[in-house]
Amino acid sequence: MEQKTINLVQTSFSKVAPIASTAAEIFYTKLFELDPKLKMIFPTNDASAMKEQGNKLMTMLSTAVAGLSKLDRLIPVLEDLGKRHVNYKVEASHYDTVGSALLETLQTGLGDDFTPEVKQAWADTYGIMADVMKNAAYSKV
């Protein structure tokens, strides 16, 4: 991964981090708009459980973004996360929906700072992370 991509992702995420709980709400709203069936995977009837889920999401994103400079340490974390998501009934196709919801969330959260260059950096980064997770979860070795 190019250093420029890492810098764009890390810098833009630092602008979203202060509104983490709002960003998580935006994310799940967008996710469920894109695929209402995904609500079955989450405790959507329990506000405190969804808030906790949002906290987990933002913590994982923060960890992943911080770890981009040390991919050798991040990859095993992503592989483990991908394997655990199988138990939550996450399918490989869901990763595309999550990626779309993430980009839309960043666009909303960053406003004018969500430039085409930042969007591409996030799309590339998410694509790499999702591929690592899916390969760990669904490849038959």
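**Pockets, a cavity and a helix pair**

H2 gives the most to the lining of the second largest pocket, with six residues. Before going on, a note on what we have. This is a predicted model, where local features need pLDDT of at least 70, side-chain atom pairs count only at pLDDT 80 or more, and totals for chains, interfaces and linings use all residues. Residues are numbered from 1 along each chain as its sequence is written, and side-chain values use heavy atoms, with hydrogens and water left out.

Now the terms. Helices are DSSP runs of H or I with at least four residues, numbered from the N terminus. On a 1 Å grid over the protein atoms alone, a pocket is an open set of points with protein on both sides within 12 Å along at least five of seven lines. A cavity is a set where a 1.4 Å probe fits but cannot get out. Lining residues have an atom within 4 Å of a point. Volume is the space filled by probe spheres set on the points, which are joined across faces, edges and corners.

Back to that second largest pocket. Its volume is about 210 Å³. Among its lining residues are Ser21, Glu25, Tyr28, Met50 and Lys51. H2 and H3 are the elements that give two or more residues to this lining.

Next, the largest pocket. It has a volume of about 830 Å³. In all, 29 residues line it, and Tyr28, Gln53, Leu57, Leu81 and His85 lie nearest its centre. Here H3 gives the most, with nine residues.

About 50 Å³ of space lies in the largest cavity. Its lining includes Phe13, Ala23, Phe27, Leu57 and Leu102. H1, H2, H3 and H5 each supply at least two of the lining residues.

Last, the helix pair. How do H2 and H5 pack? H2 spans residues 20–34 and H5 spans 94–110; their angle is about 135°, with axes 8 Å apart. Axes are lines fitted to C-alpha atoms over the stretch in contact, and angles run from 0 to 180 degrees between N-to-C directions. H2 and H5 are therefore oblique to each other. Under 35 degrees counts as roughly parallel, over 145 as roughly antiparallel, 65 to 115 as roughly perpendicular, and the rest as oblique. In the contact (heavy atoms within 4.5 Å), H2 brings residues including Ala23 and Phe27, and H5 brings residues including Leu102 and Thr105.
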